[in-house]
Amino acid sequence: MTATTGSAAVRAGTVTDTTLEVDNLVVDVLTETGWATVVDGVSFSVRRGETLGIVGESGSGKSVTCLSIAGLMPPRQTRVRADTLRLLDHDLTRLTPKQMSDVRGPTISMIFQEPMSSLNPAFTVGDQIAEVLRRHEGASRRESKRRAVELLDRVGVPSPARRAAQYPFEFSGGMRQRVMIAIALACNPDVIVADEPTTALDVTVQAQILELLREVQHEHGMSVIFITHDLGVVADVCDRVLVMYAGQIVEGAGLDELFENPRHPYMEGLLAAMPRMDNPSEALASIPGHPPRIGAMPDGCRFHPRCRYAADACVGGGTPPLEVAAPHHTTRCLRHSELTLRGNP
Amino acid sequence: MTNVEKKPKARPPSAEVAPEAPAASAMPAGSPASVSAEALAHGGGAWADFRRRVGGNRGAMIALGVLALLIVVALIGPFITPADPNAQNLRAVLLDPFSPGHLLGTDQLGRDILSRLIVGTRVSLLAIALALLVAMAIGVPLGFLSGFLSGRFDQVVMRLNDAAMSFPPLLLAIALVGVLGPSLRNAMFAVGILMAPRFLRLVRGVVLGLKEETFVEASRSIGTPTWMVILRHILPNTLSPLTVAVAVTAGYAMLSEAGLSFLGLGVQPPDASWGSMIREGFLYFGRSPWLGIFPGVLIALTVFTFVTLGDGLRDALGREERTES
Amino acid sequence: MLKFFLTRVATTVPVLLLVTFVVFGLVLLIPGDPAVTIAGPEATVEQVAAVRERLGLDRPMVVQYWDWITSALTGDLGTSLFTSRPVATSIGDGLPVTLALAGSALVISLLIAVPTAILSALRRGTWLDRISSIGSSLGIALPSFWLGLMFVLLFSLTLGWLPATGYVPIEKDPAAWASHILLPALTLGIAGAAESARQLRGSIIGVLQQDYVRTARAKGLRGRMVIGKHVMKNASVPLVTVLGLQITALLGGAVLVEQIFGVPGLGQVALNAVTTRDIPVIQGIVLVAVLVAMLSNLLVDLTYGYLNPKVRPR
């Protein structure tokens, strides 16, 4: 498997600056019909201060990838394997669940999609922030409470002292997401995984939350992995982007390079489905067909049944390798050198 | 997110409880068999559908088999007893099981235990049936009207229901029997009254839920007369949850009958029910424990059957949406 | 919180009033002439007349009810027809014993149910889960009085570890009290334990799938903290509902258990009264039992406010 080529290129010269390194991550989950591979040989790395976008449709494996790295998949129904899972100097493949829980919070933390259900309805917002500090920094009850209020203030929750004593149901969706960000920030992590943090929010609130995320990243210099299916959000916040399809990375490049010169027909399709900056009135194209079902992957290129450029070579013969198409630009398309794909600059 | 990214499930959840807290001031949902109304909201009764769903549930099918066996024994019991269940033989008292002529031994009066157990089956099952009948005769119509009419009527009925539920069940049954005089009929009548709130709450809940359903509203809006709406849409939809509730309640009725008979407030001698047999064997327990063990095992088996049947029916009939396939 | 409490109390009052009607109305259910029935078949005309007068049966119904309810409010529940003791005194003797029994049973049932439910919810689908689920179905199916007899047979008669019958007040000898109350409380508590375990297992499984549990793990909280704090507080809400019903049921079930273990509680008093048709005693006991049940349900409901902040009016 040559899947590491891309990240190797990225890694060259920047090894010391890498906060997270993933090599050949494979995740199987138990379904009604048995074990099925939902993440298949994913490799990437994230540099300090960088925002890495992971894009893909629902079910492409982008969330499972990140949940697996953080050890948050249900253990008895999931098998996670990887050649390398390195978070700073922690070898995550060797950590016990207990050690893993020491890492979550101070080193890697998460922001989830559903601000409505991700906070515990039975505890005050302040307590849910403070308990992270008590757990990881041994803060006293009083000290942790004081810092929880500070954190609420930092993420832009008005009258934080009063709000800290309230329960999640008394908060709006956007405010709850701010609380989630406060929880994620509490121990100054090196990596934050934001799993569709704005999908469930109104557009204006979305913009505010993205702005907040950008601010905190700027302040603390942490790495952010931003999972989303919304290319507009990607264009807004990411430095570099990985495109996932059917459990694999199919393309990876810097933001501008990817949008201008997509090297995989799937990415071209995603871009075509997005309103163009230069010609907003143009009809939007959608990719025909549906992503393959788990456990029923097409042989050959997994995208070929939906690909308008599919040739005989694309059908059968195993999944094509991830190849370097241009500097810092990898693609899993066999025909990338013959095709000229249309971007959305 | 798709189900792939959600936590994958190894098996379909069998008996999950809605995690959301029940309404604030609402009294506890009385019946353990409260099946969500919307899960059952579908038009038309479907006996075949019922059979397909229940037939696929192993627990329910085994329980149904055991229940059928008990009913057969209850029906033909008096004709197949190896001996006269009330015939005393003071020269052969407290015989051990496997004694010649007495497979399960004899009691303190030399009566054949097996025969008494067989006859007791009919008494016990009839007692359950009576209690269920009384409970449903009170609970179902009241619950129905309460849900359908709402308003003042509903409020009064619900207060009555709350009152009935605040009595410790067995204690009220004992009091009623104490007043009416000890007999199995009185005891089961009392038990039936105590069980009525389960049905009342259940039916009321289903009807209230259905009233809001689109298909009922649609049917009403095109001018279907009320009685037609009730007959076509509401009644059939109460059947599934009622079936579950009957199974579960039957188990409780059995236990209540046994308890009252054990206290001497149910079946009167020389008749036997399983509960009264334990009462009679009580004093000889140290010497002949099987006097109590056999009827106790039968009671437990019967209640276990009803509980399993209720669980199986709930799994088969409740929760998941029906998909027409 | 106070407002929540007062509203609950306010809704209880009409229910309590209905209950007093029912309890009082018990007399009316007596077939034929109540005075004749109560006095017994061998009673002389004078005796019947005496009973009628003592019970006030010769006066209008409303007056009878009014007298009964007003004296009940002052703690006077009448006198027994047979022992001539004040009913309140008999109840006062038995009630603490029954409360101790029911309370211990509740504690024991929770001590069994909570760990069982947590374990089987976390190990869902394993043999452990299956055994505990069969166990809880059995716990519901086994008649408590029969179970009690089996316990006596095993622990008292065969092994001789615990006394079979009798009762020692806790203030006299706590150790003896504990050894006497253990078997009855266990007997009485098992059905409740089984029911609670089933309920709690289901709600824990439901809560485990909530997003906020994943958040709690993502914060790096230890498993113990995730389960003990974040899961249990939410999963307890349906359990509290069941507990309310169970407390009521425990007071009834105590009658059977007291009978088996010879515990001199309210149940014994009730049974004696029932066999002699001692109506004032029956009425008094039922009324007191309902009051106790309502009070404990009120207390149980208060924990709702703690468990579910949405209920708490601010």
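A: In this predicted model, chain C has an average pLDDT of 84, and 98% of its residues score at least 70. For the complex, the predictor reports an ipTM of 0.83 and a pTM of 0.79.

With these scores in mind, one may turn to the contact between chains B and C. Here 51 residues of chain B are in contact with 57 residues of chain C. On the side of chain B that touches chain C, the elements giving two or more residues are helix H4 (151-165), helix H5 (169-180), helix H8 (226-262) and helix H10 (290-317) of chain B. Of these, H5(B) gives the most, with 10 residues. Sorted by class, this side of chain B comprises 37 nonpolar, nine polar and five charged residues.

The next topic is the nonpolar core. The largest nonpolar core has 266 residues. The residues with the most contacts inside this core are Leu171(B), Ala173(B), Ile174(B), Ala270(C) and Ile285(C). Helix H10 (residues 223-261) of chain C supplies the largest share of this core, 21 residues. As background, nonpolar side chains in soluble globular proteins tend to be buried together.

Leaving aside residues up to four places away in sequence, Ala270(C) touches Leu171(B) and Ile174(B) in chain B, and Val255(C), Ile282(C) and Ile285(C) in chain C.

Another residue of chain C can be examined individually. Ser133(C) lies in helix H6 (residues 127-141) of chain C. Is Ser133(C) buried or exposed? Ser133(C) is buried, because 20 other C-beta atoms lie within 10 Å, and a residue counts as buried when that number is 20 or more. The C-alpha atom of Ser133(C) is separated by 8.6 Å from that of Ala197(C), although the two residues are 64 residues apart along the chain.

Chain B contains 10 helices and zero strands, and along the sequence its pattern is α-α-α-α-α-α-α-α-α-α. Of the 325 residues in chain B, 49% are buried. Among the contacts in chain B with a separation of 6 or more, 74% are between residues 24 or more positions apart.

Chain A, by comparison of its elements, has 11 helices and 13 strands. The radius of gyration of chain A is 21 Å, close to the 20 Å that the globule rule gives for 345 residues, so chain A is as compact as a globular protein of that length. The C-alpha trace of chain A spans about 65 × 50 × 45 Å along its principal axes. Buried residues account for 50% of the 345 residues in chain A. Of the contacts in chain A between residues at least 6 apart in sequence, 66% join residues at least 24 apart.

One annotation concerns chain A. In an unreviewed entry, UniProt lists residues 20-271 of chain A as "domain: ABC transporter". Over residues 20-271, chain A is 39% helix and 27% strand, and the end C-alpha atoms of this stretch are 28 Å apart.

Methods
Residues numbered from 1 in each chain as written. Chains lettered and ligands numbered in written order. Predicted model: local features only at pLDDT ≥ 70, side-chain atom pairs only at ≥ 80, totals over all residues. Helix = DSSP H or I, 4+ residues; strand = E, 2+ residues; numbered from the N terminus. Buried ≥ 20, exposed ≤ 12 C-beta atoms within 10 Å, placed from the backbone. Contact = placed C-beta atoms within 7 Å. UniProt positions renumbered as here; feature names shortened; annotations may be inferred. Core = buried A, V, L, I, M, F, W, Y, C linked by C-beta atoms within 7 Å. pLDDT = per-residue confidence, 0-100. Nonpolar A, V, L, I, M, F, W, Y, C, P; charged D, E, K, R; others polar. Rg over C-alpha atoms; globule rule 2.2 N^0.38 Å.
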